[in-house]
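Q: Could you walk me through this model, with the cut-offs spelled out as we go?

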Amino acid sequence: LIGAACNCRFSEGAQLMHVCWFEIRGKIHSKMLSQDTTYAAYMVFKTTYNFYGLDFPVQEASISAGATNSTRKVCLQGNDDDDGEGGVPENYRPMVPFPRLRLRRRNRRVVSHEENVALPQQRADGWMELELGEFLNEGGDDGEVSISLVETKGGNWKSGLIVQGIEIRRKKSG
């Protein structure tokens, strides 16, 4: 069982095998969240030992809640990446059903902080998390919060991303 076997909060996940673009999308009904509360959405993930292509071009994260839309640049591959030593949990399903082909070497470009690009952080449970953005769940809304992470413009090949899911947490005030 995934929760006990890999310290996961989600029942299933997915592994990106070999693609030149990707889209990850999720939705949640706003009534499931506390009213008048600011939340942040995080993608929880790991990389395999032979991942590549996740550093350039940067990805675009978007959150839409009610009449508010926000977009930010993010990068799944941080500057101090651990090369995904965690391995692939056995219940993760490949997103592409054919064998992995290694077409080019991994690009080790360092993403500059001046580019205003959000980078992933290591979690205590061994996974990485990347803040996709934040939103205010205003009182009385009966709608959906839509969250997306896309990279469709570069055409560069990518592989080795293991997605556990998108986690929504109250934003700590401070």
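The chat below goes through the elements, the core, the strand pairing and the ring contacts.

Q: Before we start, what kind of model is this, and how are residues numbered?
A: This is a predicted model, in which local features need pLDDT of at least 70 and side-chain atom pairs count only at pLDDT 80 or more, while totals for chains, interfaces and linings use all residues. Residues are numbered from 1 along each chain as its sequence is written, and side-chain values use heavy atoms, with hydrogens and water left out.

Q: Okay, how many helices and strands does the chain have?
A: The chain has 1 helix and 10 strands, where helices (H or I, at least four residues) and strands (E, at least two) are DSSP runs numbered from the N terminus. Read from the N terminus, the order is α-β-β-β-β-β-β-β-β-β-β.

Q: And what share of the chain is buried?
A: Buried residues make up 45% of the 174 residues, with buried meaning under 20% relative accessible area, exposed over 50% and partly exposed in between (1.4 Å probe, protein chains only). Among contacts (heavy atoms within 4.5 Å) between residues at least 6 apart in sequence, 86% join residues at least 24 apart.

Q: Which residues of the largest nonpolar core touch the most other members?
A: Met43, Leu76, Val145, Leu149 and Leu161 do, in a core of 27 residues; a nonpolar core is a set of buried Ala, Val, Leu, Ile, Met, Phe, Trp, Tyr and Cys residues joined through side-chain atoms within 4.5 Å. The elements giving two or more residues to this core are strands S2 (22-29), S3 (37-52), S4 (59-65), S8 (128-137), S9 (144-151) and S10 (159-170). S3 provides the largest share, 5 residues.

Q: What does Val145 contact, sequence neighbours aside?
A: Leaving aside neighbours within four places in sequence, Val145 is in contact with Gly26, Lys27, Ile28, Ser30, Leu33, Ile63, Ser64, Ala65 and Phe135.

Q: Back to S3: why is it largely enclosed by the rest of the structure?
A: Because 14 of the 16 residues of S3 are buried, the strand is largely enclosed by the rest of the structure.

Q: How many bridges join S3 to S10?
A: S3 and S10 run antiparallel and are joined by 10 bridges, two strands being counted as paired if DSSP finds at least two bridges between them. In that pairing Lys46 stands opposite Ile162 in S10. S3 also pairs with S8, in the antiparallel sense over 9 bridges, and there Thr38 stands opposite Leu136.

Q: Which strands form the open sheet, and what happens at its edges?
A: The open sheet has 4 strands in the order S2-S9-S4-S5, with antiparallel pairing. S2 and S5 (68-74) stand at the edges with a single partner strand each, so one side of each is left without a neighbour in the sheet. Between S4 and S5 there are 7 bridges, and Ala61 stands opposite Arg72 in S5.

Q: Switching to rings: how many aromatic pairs are there?
A: A search of the whole structure finds 1 aromatic pair. The ring centres of Tyr39 and Phe135 are 5.7 Å apart and their planes are at 20°, so the pair is stacked; rings of Phe, Tyr and Trp (its six-membered ring) pair if their centres lie within 6.5 Å, and planes under 30 degrees apart count as stacked, over 60 as edge-to-face and the rest as tilted.

Q: Which rings have a charge over the face?
A: Lys46 lies over the face of Trp127, at 4.7 Å from the ring centre, and Arg169 lies over the face of Tyr42, at 3.9 Å from the ring centre. A charge sits over a ring if NZ of Lys or CZ of Arg is within 6 Å of the ring centre and within 35 degrees of the ring normal.
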